[in-house]
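Here's a quick tour for anyone opening this structure for the first time. Take a look at the picture, then read on.

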Amino acid sequence: MLKVLSGNHSAAFGALLSRVNFVAAYPITPQTQIIEKLSEFVDTGLLDAKYIRVESEHSAMAACVGASATGARAFTASSSHGLIYMAEMTFWASASRLPIVMAISCRALGPPWNIGNEHTDILALRDAGWVQIFVENNQEVLDSVIQAYRIAEDERVLLPVMIGLDAFTLSHTSEPVEIPSQEMVDQFLPPRSDKPYLLSPENPFTFGNMSNPTEHMELRFMHHTAVRNAKNVILEVDKKWEALFGRSYGGLLDEFMCKDAEVVVVSIGASSGDAKEAANILRNEGIKAGVLRVRVIRPFPSEEVRDVLSRVKAVAVVDRNLSPGSGGILVSEVKNALYGLRSKPFVKGYILGLGGRDVTVEDYQAIFRKTLKSYEEGDDRADWVNLNLEVLDR
Amino acid sequence: MSLQIKELDRKEYLLPGHTACPGCPAAMGLRLLGKALGGNMILVIPASCATIIQGAFPKTSLTVPLINVPFASSAAIASGISETLDLQHKDVPVVVFAGDGGTGDIGLQALSGAAERGENIIYICYDNEGYENTGIQRSCSTPYGAWTTTTIKGKPEKRKDIPSIIAAHGVPYVATASVSYPLDFIDKVRKSSKIRGLKYIHLHAPCPTGWRFPSEKTIEVGRLAVLTGTWILYEIEYGSFRLTGPSRSLLDRGKRKQVEEYLKAQGRFKHLNNEMIKRIKEEVESKWEEVKGLTLRGERGSHL
Amino acid sequence: MRKTTAISEPAKGVAGKTGSWRLKRPVIDDSKCIKCLICWIHCPDGTIILKEDSSVYVDYEYCKGCGVCANECPVKAIKMVEEE
């Protein structure tokens with residue numbers, strides 16, 4: 001069934017079709033429509049689930065941890081300050097190996113308060129031990145939430161999964177979305193198993209008491225291995241989805257005209273669409289432009305990124321995020337992946353679009369051109385797109 | 001006929017050889033909790049002494065299903081567990097066993113939320129009146145005048161009245177208890193397990209290590225707290241207040257032992273001057289005045 | 001099966017043989033004991049063990065010698081004796 005849906009509502013429909021039976025959520029712009037829609041689904045009987053309207057995001061993730069440990073298929077959503085507030089529980093959820101799925105409508109952090117699109121929130125938690133997937137359009141939002149449960153509950157993974165969607169560009173913008181039937185989704189996603197463990201009176205075990213240095217490292221190795229296992233599972237899941245629903249997102253990477261490209265923009269999220277349009281325009285001028293949209297931040301697809309970019313002359317990595325003092329987060333991940341190459345491409349980082357600032361097709365055209373020019377000049381210093389410090393003189 | 005010791009479950013749900021200090025009231029509380037519910041529970045324990053009493057992975061000293069949780073999160077985790085058990089049509093009590101810090105300080109938000117939503121959990125706060133697990137720092141529950149490592153001249157503020165805060169949420173059951181009166185505590189736990197909604201039990205847990213008294217005196221100090229009227233045993237069932245145990249006969253001030261007897265038994269109060277002792281006694285008096293009013297209302301059957 | 005996460009099984013003695021912590025040990029005089037079970041209910045370690053007839057004995061492997069039992073016994077049937 002085709003429906004015109006916002007990104008937020010697409011996430012809610014994804015949770016509905018996944019037969020989520022537990023939601024604990026706290027509102028924050030720009031995620032609110034996700035949790036409002038889910039509340040409506042539950043209150044109208046469409047979704048048979050327990051819904052706790054918790055008193056904070058920290059409690060939202062805590063309630064999901066409790067529920068998931070007891071066997072529920074749990075879902076929540078957050079953004080920005082809410083995500084950072086629940087950060088403690090987020091680390092706890094992954095090391096607890098619980099297959100919770102969370103949608104993040106990525107928003108800037110304050111102060112000053114800003115509700116605009118920015119990826120710093122979710123990327124700041126790339127060390128929290130979750131699988132992190134970024135989407136480009138609303139169809140991918142819906143599909144990815146359902147796929148996320150398949151990935152999360154796979155016995156080789158058993159980890160929570162975050163789905164990142166751009167604030168307003170996706171969360172509040174409506175697009176036509178194909179809503180798969182419940183029967184088809186049920187074929188794809190079986191009910192939750194009792195892995196990795198189940199809190200129940202039949203099982204007198206203790207979870208998570210103290211560890212000594214003798215065991216902690218090994219448990220962390222298990223966690224790390226599980227995140228790395230997610231790579232293959234994501235690829236398998238993408239293929240299974242394609243077989244059933246006819247849609248593929250490339251699994252780990254979405255490669256657009258990269259094979260013969262001389263200059264490639266590497267990006268995450270919805271803005272990649274504008275980069276692709278810009279690439280098309282440049283191609284018409286004879287410049288071999290391409291776009292590499294990284295879908296999965298954790299586990300970071302280092303080998304795959306290396307394979308694609310090894311043939312490219314010049315790489316522009318765009319970061320709608322900031323690690324103050326270091327620069328973009330994606331560019332550091334990409335450079336890390338490229339390090340092993342004997343012959344490395346030229347890489348220039350771009351900080352753009354912080355605090356919801358618009359990034360246009362024209363901006364991307366300029367980025368492609370500037371990258372090629374900088375390659376000639378050997379100038380790989382990071383660039384802040386459209387930076388205008390005079391606005392601070394007002 | 002009221003509960004007798006010899007009727008209690010002989011099985012141990014807290015196994016010997018655990019890591020608690022000698023004379024530890026938290027260990028006493030856990031042991032009694034097991035016997036109260038026959039081990040039928042999902043136990044939620046935040047960072048606290050009770051975490052350490054379990055010992056280290058891969059072994060545990062508890063024989064009931066138990067999930068360890070971050071400090072601020074107990075009531076929220078318990079809410080998630082309880083709602084899911086409901087979904088599964090399983091009737092198993094979800095019990096939080098948290099310290100005073102994890103309840104009244106960092107854990108208060110989640111507890112208040114759970115109370116307001118009427119989550120079906122038994123929340124037991126074992127109150128050793130400080131952050132004893134991390135080395136005796138002051139908490140909201142540390143009484144006025146008490147020495148701790150962060151109030152070396154004695155705590156200047158009076159303690160937070162957590163049971164009253166929870167009672168103000170209109171939950172169906174709030175009670176205070178003491179490890180020194182185990183049958184009263186067990187009664188209250190069992191009563192809680194038969195009520196739906198948030199049940200709150202505040203368990204007085206005199207700590208030899210933190211309060212500076214010899215380990216053999218734990219029960220004696222707890223008893224003195226009650227018999228001097230410093231710790232009051234009561235329950236509020238659907239808004240109706242009633243005193244329990246020895247506290248019932250202590251409305252008469254003449255029947256209460258001198259508060260000094262309780263204070264002198266503990267090293268953490270040895271620096272008190274007369275003015276401070278006077279203030280402590282005044283606080284005990286004024287609390288009993290309040291209790292007098294609550295008891296009268298309770299007898300008339302008024303509901304909050 | 002190899003564990004992948006922090007799941008622990010119940011066991012006695014997670015702190016080792018805690019009887020080694022003792023400076024004094026409780027000694028019960030059975031002739032004085034009235035089987036009130038007050039020592040049993042208060043013991044924080046569960047190292048006062050009940051026999052079928054409700055008489056009690058001490059599990060010295062794990063008893064920490066805290067002395068609560070001796071302090072609470074209403075007939076003073078328990079004495080704390082120095083460990084050698």
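**A sheet in chain A, and what surrounds it**

Let's start with an open sheet of 6 strands in chain A, ordered S10-S12-S11-S14-S15-S16, with mixed pairing. At its edges stand strand S10 (253–256) and strand S16 (383–384) of chain A, each with a single partner strand, so one side of each has no neighbour in the sheet. Bear in mind that this is a predicted model: local features need pLDDT of at least 70 and side-chain atom pairs count only at pLDDT 80 or more, while totals for chains, interfaces and linings use all residues. Residues are numbered from 1 along each chain as its sequence is written, and chains are lettered from A and ligands numbered from 1 in the order in which they are written.

Some terms before the details:

- Helices (H or I, at least four residues) and strands (E, at least two) are DSSP runs, numbered from the N terminus.
- Two strands pair if DSSP finds at least two bridges between them.
- A residue is buried if 20 or more other C-beta atoms lie within 10 Å of its own, exposed if 12 or fewer, and partly exposed in between, with C-beta atoms placed from the backbone.
- Two residues are in contact if their C-beta atoms, placed from the backbone, lie within 7 Å.

**Inside the sheet**

- S11(A) and S14(A) run parallel, joined by 4 bridges, and A:Val266 stands opposite A:Val317 in S14(A).
- S10(A) pairs with S12(A) in the antiparallel sense over 4 bridges, with A:Leu253 opposite A:Val294 in S12(A).

**Helices around it**

- Helix H10 (residues 272–284) of chain A lies across S10, S11 and S12 of chain A, at about 165° to S12(A). Axes here are lines fitted to C-alpha atoms, for helices over the stretch in contact, and angles run from 0 to 180 degrees between N-to-C directions.
- In helix H12 (residues 329–338) of chain A, the buried residues are A:Ile329, A:Leu330, A:Val331, A:Glu333, A:Val334 and A:Ala337. They pack against several elements of chain A, including helix H6 (120–124), strand S11 (263–267) and helix H11 (302–309).

**Strand S6 of chain A**

- From strand S6 (residues 131–134) of chain A, A:Val131 and A:Ile133 point one way, A:Gln132 and A:Phe134 the other, and all are buried.
- S6(A) runs parallel to strand S7 (residues 161–166) of chain A, with 4 bridges between them, and A:Val131 sits opposite A:Val161.
- With strand S13 (residues 296–298) of chain A, S6(A) pairs in the antiparallel sense over 2 bridges; there A:Ile133 stands opposite A:Val296.

**Where the chains meet**

- 37 residues of chain B are in contact with 37 residues of chain A. H3(B) gives the largest share of chain B's side, 11 residues.
- Strand S9 (residues 206–207) of chain A and S3(B) run parallel, joined by 2 bridges, and A:Thr206 stands opposite B:Leu66.

**Chain B overall**

- Chain B has 11 helices and 9 strands, and its C-alpha trace spans about 60 × 50 × 40 Å along its principal axes.
- Of the 304 residues in chain B, 57% are buried.
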